[in-house]
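Have the structure open as you read.

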Amino acid sequence: MKKTILFVILQQYADWEAAYLSSAISMLSQGEYEIKTVSLSKEPVQSIGGFKVLPDYDVASVPINYEALILIGGMTWRSENTQQIKELVQDCLQKGKVLGGICDASAFLGTIGALNDVTHTSNDLNDLKQWAGSAYTGEANYIARQAIRDNHVITANGTAPLEFAKEILLALHVAEEEKILDWYNFHKLGFYTVSLPKM
């Protein structure tokens, strides 16, 4: 039985923030995990880059059993409709599952109080405070870093899809740590051959 990873994608989602992580899970886990998509409805969702996805689930039909809930950033997290995701996030936290949010999706977690007791990051602290208002009391736990993992909660800013992916892969133990770091370094740094000077 494969373990399920849920990716929450909304209209105008940032496809590149999902691509590194989903492909790494598929390649490194050797078939142990499956990727499923969730949106506000089962209508097609179009990414910023123009890719159309037919979600596997809407918020009302999400399976009970899953290993992680990953909120992918994008252009519509500030819509009032996204509050429908709040119950799903709370369920994830109560079950102690891995929870990830990147870019505006990380700030959304602040608006529902999910970041108050964990070390976290986002695109900008002042923006997070202004958007989240009184629901956010975690300023002392904010660190301006590309990605942060605090136990099962992973947050990242919009410049860090690879760092976000690495922290989630480590949290899920998708593969041995060395393999995960090799994957990260390859995609982050590229492959270089070094010519040694002749003696």
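## Cysteines

Is cysteine 92 buried or exposed? In this predicted model, cysteine 92 is buried, with a relative accessible area of 0%. Its sulfur lies 19 Å from the closest cysteine sulfur, that of cysteine 103, which is too far for a bond, as a disulfide needs the two sulfur atoms within 2.5 Å.

Cysteine 103 is likewise in no disulfide. Its relative accessibility is 17%, so cysteine 103 counts as buried, the cut-off being under 20%. Searching the whole structure turns up zero disulfides.

Let us turn to the strands. Strand E1 (residues 3–8) runs parallel to strand E2 (residues 33–39), and six bridges join them.

## Aromatic pairs

How many aromatic pairs does the structure hold? There are two. One joins tyrosine 20 and tryptophan 183: the ring centres are 6.5 Å apart and the planes stand at 80°, so this pair is edge-to-face. Because tyrosine 20 lies in helix H1 and tryptophan 183 in helix H6 (residues 177–189), the pair ties together parts that are 163 residues apart in sequence. Tyrosine 20 counts as partly exposed, at 32% relative accessibility, whereas tryptophan 183 counts as buried, at 7%.

Tryptophan 77 and phenylalanine 108 form a tilted pair, with 4.9 Å from centre to centre and 45° between the planes. This pair, too, links distant parts of the chain: tryptophan 77 is in the loop between strand E6 (68–71) and helix H2 (86–95), and phenylalanine 108 is in helix H3 (residues 104–111), 31 residues apart. Tryptophan 77 counts as buried at 1% relative accessibility, and phenylalanine 108 is buried with a relative accessible area of 0%.

## Charges over rings

Arginine 78 lies over the face of tryptophan 131, at 4.3 Å from the ring centre. As for lysine 166, its charged end sits over the ring of tyrosine 184, 4.5 Å from the centre of that ring.

Technical notes:
Residues numbered from 1 in each chain as written. Predicted model: local features only at pLDDT ≥ 70, side-chain atom pairs only at ≥ 80, totals over all residues. Heavy atoms only, no water. Pairing = 2+ DSSP bridges. Helix = DSSP H or I, 4+ residues; strand = E, 2+ residues; numbered from the N terminus. Buried < 20%, exposed > 50% of the residue type's maximum accessible area, 1.4 Å probe, protein only. Phe/Tyr/Trp six-rings, centres within 6.5 Å; stacked < 30°, edge-to-face > 60°. Lys NZ or Arg CZ within 6 Å of the ring centre and 35° of its normal.
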